Amino acid sequence: MTGYYTQLIVNGIVAGSIYALFAVGLAMVYGVFKFINFSHGELITWGGYLALMFSSPPIALPLYLAVIPALLLTVGIGLAQDCFVFRPLRQSNPISILIASIGLSYLLRNGIRLFWGSDLQSFNLPLSTGIIFGDIYITRIQILMVLSALLFFSILYFLLTRTLLGKSLRAVSDNIELSSIMGINMRKVTWTIWILASVFAGSGGILLALDTSLDPMMGMNSLIKAFAAVLLGGAGNIWGALVGGLFIGITENLSVAFISPDYKDFISYGLIFILLLIKPRGFFGIAGGVR
Amino acid sequence: MKKFVFSTIAILFLISAGRVTAGDISVGSVTPLTGKLAVYGEGFQQAMLLAADEINAAGGIKGNSFKIVFEDNNSTSKGSVSAIRKLITIDKLPLIFGPASSSNFLAVCPIAEDNKIVLLAAESAAASISKCGSYVFRVFPSDLLQGVGVAELTKSLGYKEVVLTYVNNDWGVGLAEVFKTEFTAAGGKIIDELPHAEGKTDYRSEILRMKSQHPKAIVNLTYIKEGATILKQAYEMGLKVQWLMGSASKSAKLIDLAGKASEGVIGTYPTFSQETPQYKSFKAAWEKKYPGKKTPVFGEYNYDMVKLTALALESASSNSSDDIREALLKVSKGYIGTTGDKSFDENGDVNASYGQWTIKDGKISDYK
């Protein structure tokens with residue numbers, strides 16, 4: 001039976017790393033611009049669908065190459081979100097931005113329906129049994145998911161702590177006006193945030209699609225988990241997003257041992273609810289800013 | 001073969017000569033002649049007209065000619081409602097053939113029931129139609145029967161203990177209930193039972209729990225997408241069992257999505273023999289009336305529905321819907337149509353015989 005629980009924890013870590021990848025972009029955007037981007041989920045979906053497009057006929061690139069244009073285009077969508085919707089609204093009240101992001105989310109999601117239809121799609125990778133460690137099964141894609149999350153977070157850590165760009169990014173999130181007065185290039189920082197958020201979401205989307213399948217709602221469904229992760233970690237806190245994501249992934253998977261898997265969200269969200277009652281500012285506190 | 005989302009907006013016009021005249025015995029039909037189901041609707045209509053022709057050639061009903069008043073529903077439920085209202089209030093018909101697709105049919109059910117109009121279905125499978133009321137009948141087997149079919153399949157394959165999983169909605173829960181009752185009554189044991197949500201992309205937790213029970217067979221009552229995802233992920237997780245499924249997952253799409261993980265699945269589906277004299281005579285009549293045309297999807301059910309109606313009208317003591325309802329229950333007992341035994345039970349449902357399907361070498365074939 002220990003094998004069963006270990007397997008559940010492994011599944012939890014896999015799910016959690018993906019949630020964390022989704023959550024970090026959300027946390028960064030919140031940390032700097034102070035709004036929750038509902039259309040973040042669509043970056044996830046578009047990432048997955050674009051990779052599918054580039055890897056299937058008529059383009060038919062090998063998958064590892066298809067990822068590059070797919071991520072570039074996802075970044076393009078991310079930047080376009082900022083350029084056409086969020087930047088013009090930056091000075092308006094938070095509710096307008098929130099509603100605009102919800103509208104944008106519908107627009108992008110229905111764009112996917114228009115191009116690819118609502119039907120479930122998949123990469124049709126050759127099916128193979130997972131790798132076995134003792135009692136534990138894990139697929140190659142799942143290993144890739146965890147490794148990518150590790151890699152991405154390491155890069156992010158390096159970027160934020162060791163580079164001038166990262167430091168200016170953190171400064172901007174502490175105080176956007178003061179930073180611009182101090183001569184920090186705002187455009188550069190803004191771009192960096194959207195690029196990072198898009199790359200994280202897009203790669204997460206591709207990995208999720210490889211692991212399961214693609215449907216236009218996949219981003220929206222994952223976004224709810226990402227919200228929870230951000231909230232749990234403390235809004236705006238990147239490491240909080242990582243811990244929050246892992247926490248949700250592991251609890252929801254462990255809960256399967258006790259209740260029907262169909263209701264696993266019940267346990268994880270119930271726990272989040274209780275945790276937030278005790279620690280309303282999340283694990284790391286809503287300090288504002290990107291840490 | 002079901003879940004055809006047959007749908008409508010009604011533009012009211014009469015297809016066949018239409019007006020109800022003295023000397024005619026007429027019934028109504030809400031049929032998708034325009035809209036997205038029109039491609040099926042035409043076939044339904046042709047099958048119904050074939051039956052009507054045969055009835056009239058054999059002397060009609062009590063010496064009167066038999067007529068079907070067709071009303072288009074534009075393949076939507078809204079159109080179905082307008083169409084049936086027109087047939088009830090303007091044409092004042094006591095018996096109506098309901099529209100195709102369960103959702104359209106369910107939309108008109110309460111109207112027929114409230115007005116005490118006999119309503120028949122030839123291609124709607126939803127289990128909830130059984131609860132429509134006492135004036136509603138269907139010659140097409142309810143989805144619920146599949147629960148029985150799968151239970152029998154499980155027993156016949158010699159599995160005494162199974163894990164049961166089903167899609168967590170009205171359809172799946174209903175189906176699972178029937179399966180459980182049937183299977184346990186026959187001495188079977190359900191080791192674990194777990195619903196799974198519709199439309200998810202990750203069922204690994206569910207599969208893990210199924211796996212922890214070490215079953216030999218898993219009964220999976222679900223749709224195509226969910227079924228394919230479960231099969232695929234179970235394969236990846238090294239779960240090797242005999243999968244038993246219903247007809248809702250019997251589709252080439254399942255093989256597309258799940259690939260070799262779908263190999264060896266066994267399932268049931270409602271079927272009828274094409275070797276009976278009833279079927280052969282239908283087929284011959286069809287080819288005579290519509291030379292060169294293939295028999296349409298559900299055409300046999302539509303044909304049976306009209307034939308059975310004519311028998312009921314013939315034996316009913318009056319043309320009132322209550323008398324027709326009584327007569328319908330009576331004449332259906334032991335009636336063998338082209339699609340088999342059409343005896344109505346207390347819910348107005350018929351029984352069905354089940355075929356078995358399997359996936360072999362990436363193709364759906366009959367399991368023997």
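# Reading the terms of a predicted model

User: In β14(B), what is the bridge partner of B:I359?

Analyst: B:I359 has its bridge partner in β14(B), and that partner is B:I364. The model is predicted.

User: What makes β13(B) and β14(B) a pair of strands?

Analyst: Pairing requires at least two bridges between the strands. Strand β14 (residues 363-366) of chain B is joined to β13(B) by 4 bridges, so the two count as paired. Their sense is antiparallel. In the hairpin that they form, 2 residues stand between the strands, and B:D361 takes a positive phi near 50°.

User: How do you know that β10(B) and β13(B) pair, and in which sense?

Analyst: The rule is again at least two bridges. Strand β10 (residues 266-271) and strand β13 (residues 353-360) of chain B have 6 bridges, so they pair, in the antiparallel sense. One of the bridges has B:P270 with B:Y354 of β13(B) as its partner.

User: Why are β2 and β5 of chain B said to stand at the edges?

Analyst: The strand order of this open sheet of 5 strands is β2-β1-β3-β4-β5 in chain B, with parallel pairing. β2 (65-72) and β5 (136-138) of chain B each have a single partner strand, so each has one side without a neighbour in the sheet. From one strand to the next, the twist averages 25°.

User: How does the span of α2(B) compare with the one expected?

Analyst: α2(B) has 13 residues and reaches 18 Å from its first C-alpha to its last, which is close to the 18 Å expected at 1.5 Å a residue. Its buried residues include B:V81, B:I84 and B:L87. Among the elements that cover the buried residues of α2(B) are β1, β2, β3 and α3 of chain B.

User: What describes the packing of α2(B) on α3(B)?

Analyst: Two packed helices are described by the angle and the distance between their axes. The axes of α2(B) and helix α3 (residues 102-114) of chain B cross at roughly 35° and come within 8 Å. The crossing is right-handed. Residues that make the contact include B:V81 and B:I84 of α2(B) and B:A107 and B:V108 of α3(B). By class, this contact has 6 nonpolar, 4 polar and 1 charged residues.

User: Is A:I267 called buried, partly exposed or exposed, and why?

Analyst: Buried needs 20 or more other C-beta atoms within 10 Å, and exposed means 12 or fewer. A:I267 has 17, so the count falls in between and A:I267 is partly exposed. A:I267 is placed in helix α11 (residues 264-278) of chain A. Leaving aside neighbours within four places in sequence, A:I267 is in contact with A:T251, A:E252, A:S255 and A:I259.

User: How many residues does each chain give to the contact of chain B with chain A?

Analyst: Chain B gives 24 residues and chain A gives 22 residues. On the side of chain B, α6(B) gives the most, with 6 residues.

How values were computed:
Residues numbered from 1 in each chain as written. Chains lettered and ligands numbered in written order. Predicted model: local features only at pLDDT ≥ 70, side-chain atom pairs only at ≥ 80, totals over all residues. Contact = placed C-beta atoms within 7 Å. Axes fitted to C-alpha atoms, helices over the stretch in contact; angles between N-to-C directions. Left-handed = near helix turned anticlockwise from the far one by under 90°. Nonpolar A, V, L, I, M, F, W, Y, C, P; charged D, E, K, R; others polar. Expected span 1.5 Å × (residues − 1).
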